[in-house]
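Trainee: Could you show me how to read the cavities and the sheet in a model like this one?

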Amino acid sequence: MDASPVMEGRPTDLVAFRRTLLERLTYAVGKTPGTATNRDWFHAVALAVREYATDNWMQTTNGYYVRDQKRVYYLSLEFLIGRLLASALHNLGLYRTCQQALDEFQVDLSNVLEAEPDAALGNGGLGRLAACFMDSMATEGIAAHGYGIRYEFGLFEQGFDQGWQVEFPEDWLRFGNPWEFERPEVAYPVRFHGTVRDTVDHDNHPRATWADTEKVLAIAYDTPVVGWGGKSINTLRLWSAKATRKLNLEDFNRGEYMGAVHQRVLSENLSRVLYPNDATPVGQELRFKQEYFFTSASLQDILRRFRQHHADWGELPDRAAIQLNDTHPAIAVAELMRLLVDEHNVRWDKAWDIVQHTINYTNHTLMPEALETWPVWLVERVLPRHLRIIYDINARFLQRVRTRGPVTDAKLSSLSLIAEGRERRVRMSHLAFVGSNKVNGVSALHTELMKKTVFRDLHNEFPSKIVNMTNGITPRRWLQQCNRPLAGLITEAIGDGWVRDLSRLEALVPLAEDKGFCAAFSHAKLENKRNLADRLGAGQGYSLDTDALFDVQVKRFHEYKRQLLNILETAALYQAIREDPNGPWVPRAKFFGGKAAPGYHTAKMIIKLINDIARTVNADPEVRGVLKVVQLPNYNVTLAERLIPAAELSEQISTAGMEASGTGNMKFALNGALTIGTLDGANVEIREQVGPENIFIFGKTADQAADLLSKGYDARATVADTPRLARVLDFIAGGAFSPEDTRRFRGLVDGLLANDRFLVTADFAAYWDTQRKVDKAYCDQASWQRMAVLNTAQMGFFSSDRTVRSYAKTIWTAEPPLVK
């Protein structure tokens, strides 16, 4: 299916595209059709497609300037964009043309697509959300720029060594990146360390001068982001860190070769790796510097663009909206104040008013320990001027609170941007909240809990700041491109309008009662399952029964996401099957995927437990054909595009009240998987859309979970009252799955019993019972397929197109002109 409208601009006929492709292969790649590898063809195709995109990219940018359209600047430490070629071909309407052109050279487009590396610019939902928003903002005609870091190695490439996670550099740039344009002329100095000197200006007003600083250059790399139809194309600008001096020639000539490049190495480390391990003070400093590095460069770029056409700084909020994707760029509040006050001589009160009407902040977590804070000593050493600004903001804010009436010390402490304690720390979420125009949650439940928990006192001070913007996903990548069997079926049934307007999927609702359509829907799922089984069989040696229920949990590893609950139920199921091998068991293939942060010991132990259980289960002839456990290494966007279309059961089992939204839940449901989950994050809204009869909900609600934890939850008592859980924990702790090291998981089990703050044991019995309901439902395939069709049909609300339109209207006041 290639339903894209014809792109305006240069001719897209086969002859013209073939000529461009051959020119790029010959003159840019330096190969002939007879000698080119699939990687060579990928670079040639990408460069040819980039040329087609560039014409409209320039027209789009020029149109924004001509209309003086309000800009939206999306600052995110992650952009998990995945592979770009298939997306660009579809969005530009060039997929079939490219396929036909390659056919003439006897080259398979699918092999060319496989040659593209998966851009290692993110980790999980935060980065994927940013990528979906960039797609949708371009599609909607919103004048948007994305800003992030051009990581040389990304997060890491995950492997398994005897079941343990091991990390390797993700060298995604090894063969270059044909999509990007290096902009060496767009270079901004980013400063660190130094001292603050107090002076006065010519009007005798006090001024602070940040002096004796160390500098790093931020160099821009631009990637065009193609909207649907190719008419509107925005920019993702990523920053790469470069030393101001690459080589100390004096040291080099003295034979001090390492010393000669020492400063270069330190500087370029800033854009080397995503989320360096912060378990050490050096690691903490690097992460903090990374966040400031890309934030400062982005703000300097934003102000430079604004000043090209506007003289009055007071107009900035009318011409620009800055969106902070989580707290990583929260230092933007202090940095924008510094740039306005110190560099552009704007008075403090006017600058603060500009900041508060320009910046907006998206919160992505409710867990207090996950709300980013930095030690005051670290901020003072790395950014002394910014700490002074933060102190000034805090003093003025708390004085404002005091003038509104009597206030307790406890409330002032809760509101303060500085957390007082054994180690004083800067609360970045508080800084972002106070300095923003709007603060948004990412699901209805999350937004309400923000008001009641982590931001309760701040919400009382600013009752109109917090708004809800439920997350969404782009239907282009997450259905049209990754699930061609289902996308083709849907288009055949209701037309292709759903690609641009996902709400049109509602036309599928009556077809849930059509046996023929449900059978075709089931066949599309089976085709995806077979494709996945073939890939895993050829690549990793797995033998999968495609008649089994494909049960999938893929997300970054964290205790609140409760992969542990899933694998405990899997181990209990294994025990039950062994005890009654002739029972009415529904065959299952359990899939896990995701990375644990290098320093997150517990998460890495859970990964090892899953692999040890998989080793035991998959080698046991007693459960063969009934249960299979698969943990896939190096989960990324490309793997998601293969797993999600094949999934039949989507595991969304986080502790209620701890997952802000989730977007994986939306992707799975859009592709016809049924959800088993708690009433957490966007699961609540998915349940509202699909109906409670078409989703499997279990476990404590957010209120019940909070109440249980507040009273001091006793996991040992729950385990004692849950024999099935007690048996499986004893089994694991006793070394049944780790005979070579029988005490391997004793600490994991003891920790769970001593402090089950994510309520794994509390929800185990309900989870087990609900999984048996899933078994029963899967046995009635006619009913299951009906439920699956209704899940897909009711996902229109969860389009990121709808989400960014809501941001544009409610937060950014940047609604675009109509894009025809």
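Mentor: For linings, Ala, Val, Leu, Ile, Met, Phe, Trp, Tyr, Cys and Pro count as nonpolar, Asp, Glu, Lys and Arg as charged, and the others, Gly among them, as polar. This is a predicted model, where local features need pLDDT of at least 70, side-chain atom pairs count only at pLDDT 80 or more, and totals for chains, interfaces and linings use all residues. Residues are numbered from 1 along each chain as its sequence is written, and side-chain values use heavy atoms, leaving out hydrogens and water.

Trainee: How many cavities of 30 Å³ or more are there?

Mentor: A cavity is a set of points on a 1 Å grid over the protein atoms alone where a 1.4 Å probe fits but cannot get out, and lining residues have an atom within 4 Å of a point. Points are joined across faces, edges and corners, and a volume is the space filled by probe spheres set on them. Here the count is 9. Of its 20 lining residues, Leu84, Ser87, Pro224, Val225 and Val226 are the closest to its centre. The lining has 12 nonpolar, 4 polar and 4 charged residues.

Trainee: What is the strand order of the open sheet?

Mentor: Strands are DSSP runs (E, at least two residues), numbered from the N terminus, and two strands pair if DSSP finds at least two bridges between them. The order is E5-E8-E9-E2-E1-E10-E11-E15-E16, with mixed pairing. E5 (181-192) and E16 (466-468) are the edge strands, each pairing on one side only. E5 runs antiparallel to E8, joined by 9 bridges.

Note on methods:
1 Å grid on protein atoms, 1.4 Å probe; cavity = no way out; pocket = protein on both sides within 12 Å on 5 of 7 lines; lining within 4 Å. Helix = DSSP H or I, 4+ residues; strand = E, 2+ residues; numbered from the N terminus.
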